Amino acid sequence: MLGKLMKHEWKSTYKVSCMMIAVLAATTILGVLAIRPIAGGALERYMRESAGLLSVVSIAFMVLSMLLYVIAMVAVSIGSNVYFGIHFYKSMYSGEGYLTHTLPVGKHQLLCSKILVGGLWMILIIIAMLASVLSLVVFSIPDINFADLLETIGHLFTEFDRILKQELGLSLTFYGVVVLVSYLVMPFLSMAILFGAISLGQLFHKARILMAFVFYFGIVIVESIVKSLFSSAVNMRTFSSAMDTVAEASHAIQTTFNMQMISNFVVDIVVAVLLYLASWYVISRKLNLE
């Protein structure tokens, strides 16, 4: 049944999500058209060979295109979270919720379907944003041999990884894998936190939307403070011990990195689980549709 719910949720959200990706694609094309003349050394030729009005129009097009690109990146980054929050609110707590809660499925399945689909779309949107930036660089600078550039970056990464491992006992490959896994998991955790804040807002009948905002930003701030406290505690605990030798310093740095990454990830998971349970509690025990 979870698969059917996810399929229905996917159909309900794909139009807006695809539209955001299409906006990124369109503004990326504009960005390439704007940067390529500059990167290719053609701007000076434009200024020299074109009429005055044409030069002004060309420069205005470049500036406007890049401005639209930056606005689109910011809008998609923020708008995706806003959209999935609004979709969750409408489908769970507004008039649409009457139909949603009459389905013969458990509350956990309803929540999981929305978190999983929302997280998957967030991953796709993040990939689209990264692809947009990469495309902007690749297609805007035609004179660069990107195969050689990637090979050079690979050699530098390998050498830097060797030095860090030899001197400090740190492995860039290991931390790269950890960061990749965390980035794959974080969209689902962020959806659970967002939906939990919206659900807690429903406990205040006269200011539901306002309290949802208050809960969300309050949770984000408190979570950041807790992470900072954990990081400070780890730093104090690790470096308070005597470090008379390079080996002790290397071990201290390695321990600090590991503990900070683990503690931050654990805090994210704990907060997401608590907010998931808050959502389940509200829709199971305190549901009051508009």
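Trainee: Which residues does F88 touch, not counting residues up to four places away in sequence?

Mentor: Contact here means heavy atoms within 4.5 Å. By that rule F88 touches Y93, L111, K114, F195, I198 and S199. This is a predicted model, in which local features need pLDDT of at least 70 and side-chain atom pairs count only at pLDDT 80 or more, while totals for chains, interfaces and linings use all residues. Residues are numbered from 1 along each chain as its sequence is written, and side-chain values use heavy atoms, with hydrogens and water left out.

Trainee: How many helices and strands does the protein have?

Mentor: Helices (H or I, at least four residues) and strands (E, at least two) are DSSP runs, numbered from the N terminus. The protein has nine helices and zero strands. Residues 24 or more positions apart make up 79% of its contacts with a separation of 6 or more.

Trainee: Which residues touch the most other members in the largest nonpolar core?

Mentor: A nonpolar core is a set of buried Ala, Val, Leu, Ile, Met, Phe, Trp, Tyr and Cys residues joined through side-chain atoms within 4.5 Å. Buried means under 20% relative accessible area, exposed over 50%, and partly exposed in between, with a 1.4 Å probe and protein chains only. Of the 290 residues of the protein, 34% count as buried. The largest core has 30 residues, and F88, Y93, M191 and I198 touch the most other members. At least two residues each come from α3 (52-93), α5 (107-140), α7 (172-201), α8 (208-239) and α9 (246-285). The largest share, nine residues, is from α7. Another core, of 10 residues, lies apart from this one and includes M20, Y69, M73 and L136.

Trainee: Is T28 buried or exposed?

Mentor: T28 counts as buried because its relative accessibility is 8%. This residue sits in helix α1 (residues 2-39). A polar contact is a pair of N or O atoms within 3.5 Å; within protein, one must be able to donate a hydrogen and the other to accept it, and residues adjacent in sequence count only if both atoms are side-chain atoms. The side chains of T28 and S132 are joined by such a contact of 2.5 Å. Beyond its neighbours within four places in sequence, T28 is in contact with Y69, S132, S135 and L136.

Trainee: What lines the largest cavity?

Mentor: Rolling a probe the size of a water molecule over the atoms shows where empty space is left. On a 1 Å grid over the protein atoms alone, a cavity is a set of points where a 1.4 Å probe fits but cannot get out, and a pocket is an open set with protein on both sides within 12 Å along at least five of seven lines; lining residues have an atom within 4 Å of a point. The largest cavity has a volume of about 40 Å³. E9, T13, F84, H87, F88, K114, V117, G118 and F195 line it.

Trainee: Which residues lie nearest the centre of the largest pocket?

Mentor: They are S182, Y183, M186, P187 and D268, out of 25 lining residues. The pocket holds about 570 Å³ of space. The largest share of its lining, nine residues, comes from α7. D268 is found in helix α9 and is buried, with a relative accessible area of 7%. D268 and S182 are 86 residues apart in sequence and 9.9 Å apart in space, C-alpha to C-alpha.

Key: Points joined across faces, edges and corners; volume = space filled by probe spheres on them.
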